Amino acid sequence: QLNYRLNGLSATDEVHIRITDLQGRLVKVLGTLPAMGQLALSDLTDGLYLVHFQTGQNNFTSRILLQQY
């Protein structure tokens, strides 16, 4: 699981979340979720991913390294 929280937003604000690989291929769309929470990523293979957060006019991207145990 990935815990996330977007600074400057309240926990009740909504964000659209999608995940791509480093080549820009869309691997998962999580839809609209609260600005703070957890993402289940057990269906993804180990590797580097970009998590894209979109909130109205603002976009945030975070790089993650996924290693399943």
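**Entry 1: the sheet**

I looked up strand 2 and strand 5 and found that they run antiparallel and are joined by six bridges. In this notebook, strands are DSSP runs of E with at least two residues, numbered from the N terminus. I call two strands paired if DSSP finds at least two bridges between them. Within this pairing, T20 is opposite L50 of strand 5.

A note on the source: this is a predicted model, where local features need pLDDT of at least 70 and side-chain atom pairs count only at pLDDT 80 or more, while totals for chains, interfaces and linings use all residues. Residues are numbered from 1 along each chain as its sequence is written, and side-chain values use heavy atoms, with hydrogens and water left out.

Next I checked strand 2 against strand 3, and they pair in the antiparallel sense through seven bridges. H16 has T32 in strand 3 as its bridge partner. The two strands make a hairpin with four residues between them, and in the turn G24 has a positive phi of about 90 degrees.

**Entry 2: K28**

I looked for K28 and found it in strand 3, residues 26-34. Is K28 buried or exposed? K28 is buried, because its relative accessible area is 15%, and buried means under 20%, exposed over 50% and partly exposed in between (1.4 Å probe, protein chains only).

Leaving out neighbours within four places in sequence, I listed the contacts of K28 as R18, I19, A40, L41 and D43; contact means heavy atoms within 4.5 Å. A polar atom of the K28 side chain lies 2.9 Å from the backbone oxygen of A40.

**Entry 3: the core and the rings**

I looked up the largest nonpolar core, which has 14 residues; I17, L41, V51 and F53 touch the most other members. Such a core is a set of buried Ala, Val, Leu, Ile, Met, Phe, Trp, Tyr and Cys residues joined through side-chain atoms within 4.5 Å. Strand 2 (14-21), strand 5 (47-55) and strand 6 (58-66) each supply at least two residues of this core. With neighbours within four places in sequence set aside, L41 is in contact with L2, I19, K28, I64, L66 and Q68.

How many aromatic pairs does the structure hold? I found one. Y4 and F53 form this tilted pair, 5.7 Å centre to centre with 35 degrees between the planes. Rings of Phe, Tyr and Trp (its six-membered ring) pair if their centres lie within 6.5 Å; planes under 30 degrees apart count as stacked, over 60 as edge-to-face and the rest as tilted. Y4 is in strand 1 (residues 2-5) and F53 in strand 5, so the pair ties together parts 49 residues apart in sequence. I also noted that both Y4 and F53 are buried.

**Entry 4: D13**

I found D13 in the loop between strand 1 and strand 2. D13 is partly exposed, because its relative accessible area is 31%. Not counting residues up to four places away in sequence, D13 touches L33, P34 and A35. A polar atom of its side chain lies 3.0 Å from the backbone nitrogen of S10.

Methods
Polar contact = N/O pair within 3.5 Å; in protein donor to acceptor, adjacent residues only side chain to side chain.
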